[in-house]
Amino acid sequence: MEIALFLFIIAAIFIVRAIKVVPQQNAWVVERLGKYHATLAPGLNFLVPFIDKVAYKHSLKEIPLDVPSQVCITRDNTQLQVDGILYFQVTDPMRASYGSSNYIVAVTQLAQTSLRSVIGKLELDKTFEERDIINAQIVQAIDEAALNWGVKVLRYEIKDLTPPKEILHA
């Protein structure tokens, strides 16, 4: 009787480890003995117990990311406080897992540096008038680099442009 119970428990463990149900709009990356093996699609999937392991779980939904506020210097040497929101989506779960140690931090840092670069090419007056152009240039710059990380940048929106108080009073 004890042997039958023991075999039943072992069989249950094997079944639990072998069957994986991936939710819709998700992708799970499987490693076989520590090496990339496959990406599980939504639905019912089967793994080899104790050999295969779900190493990474990615959401394929659009992700809004708040880009922290930073000081940018315009072409006419005026400091400007700028923050925004970046919208991106994981398109290649394998590259998102192995292309960067943390693609969210990488995309955020790249958004900040790209924003400083784009703002630095414009004069203060133009930064308020050309928000759409600034947004498009930032998306283009980030999207080129983010391809290696398995990420597609969809949009960037400037939330707030705040000039120094002296300029606001003038």
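Biologist: Which side chains meet in a salt bridge at 2.7 Å, N to O?

Modeller: Those are the side chains of Lys152 and Asp143. Bear in mind that we're looking at a predicted model.

Biologist: Okay! Is Asp143 buried or exposed?

Modeller: Asp143 counts as buried, because its relative accessibility is 15% and the cut-off for buried is under 20%.

Biologist: How many salt bridges does the structure hold?

Modeller: Five. One of them joins Arg32 and Asp52, with N and O 2.6 Å apart. That pair links distant parts of the chain: Arg32 sits in strand β2 (residues 26–32) and Asp52 in strand β5 (residues 52–59), 20 residues apart.

Biologist: And how open are those two, Arg32 and Asp52?

Modeller: Arg32 is partly exposed, with a relative accessible area of 31%. Asp52 is buried, at 5%.

Biologist: What does Lys159 form a salt bridge with?

Modeller: With Asp66, and the closest N and O atoms there are 3.0 Å apart. Lys159 is in strand β8 (residues 151–162) and Asp66 is in strand β6 (residues 63–73), so this bridge ties together parts that are 93 residues apart in sequence. Both ends are partly exposed: Lys159 at 42% and Asp66 at 46%.

Biologist: Changing topic. How far does helix α1 reach?

Modeller: Helix α1 covers residues 2–18, and its 17 residues reach 24 Å from the first C-alpha to the last. That's close to the 24 Å expected at 1.5 Å a residue.

Biologist: Why do you say α1 lies largely in the open?

Modeller: Because the number of buried residues in α1 is one, out of 17.

Biologist: So what's on the surface around there?

Modeller: There's a nonpolar patch, with about 1,000 Å² of accessible area together. Its members are Ile3, Leu5, Phe6, Leu7, Phe8, Ile9, Ile10, Ile13, Phe14 and Phe50. Take Ile9, which lies in helix α1: it counts as partly exposed, at 41% relative accessibility.

Biologist: Which residues form the negative surface patch?

Modeller: Asp76, Glu123, Asp125 and Glu129. Asp125 is in helix α4 (residues 124–129), and it's exposed, with a relative accessible area of 56%. Glu123 is in the loop between α3 (103–120) and α4, and it's partly exposed, at 41%.

Biologist: How far is Glu123 from Lys20?

Modeller: Their C-alpha atoms are separated by 55 Å. Along the chain, Glu123 and Lys20 are 103 residues apart.

Biologist: Last topic, backbone angles. What's up with the phi of Leu33?

Modeller: Leu33 has a positive phi of about 55°, although it isn't a glycine. For background, most residues other than glycine have a negative phi.

Biologist: Where is Leu33 found?

Modeller: In the loop between β2 and β3 (35–40). Leu33 is exposed, with a relative accessible area of 70%.

Biologist: And what about the phi of Asn77?

Modeller: The phi of Asn77 is near 60°, again a positive value in a residue other than glycine. Asn77 lies in the loop between β6 and β7 (79–90), and it counts as exposed, at 66% relative accessibility.

Key:
Residues are numbered from 1 along each chain as its sequence is written. This is a predicted model: local features need pLDDT of at least 70, side-chain atom pairs count only at pLDDT 80 or more; totals for chains, interfaces and linings use all residues. Side-chain values use heavy atoms; hydrogens and water are left out. Patches are made of residues with over 30% relative accessible area and no salt bridge: like charges are joined within 9 Å, nonpolar side chains (Val, Leu, Ile, Met, Phe, Trp, Tyr) within 5 Å. Accessible areas come from the Shrake-Rupley method with a 1.4 Å probe; for residues, only the protein chains shown count as cover. A salt bridge is a side-chain nitrogen of Lys or Arg within 4 Å of a carboxyl oxygen of Asp or Glu. Lys and Arg count as positive and Asp and Glu as negative; His and the chain ends are not counted. The place of a charge is taken as NZ of Lys, CZ of Arg, CG of Asp or CD of Glu. Helices (H or I, at least four residues) and strands (E, at least two) are DSSP runs, numbered from the N terminus. Buried means under 20% relative accessible area, exposed over 50%, partly exposed in between (1.4 Å probe, protein chains only). The expected span of a helix is 1.5 Å times one less than its number of residues.
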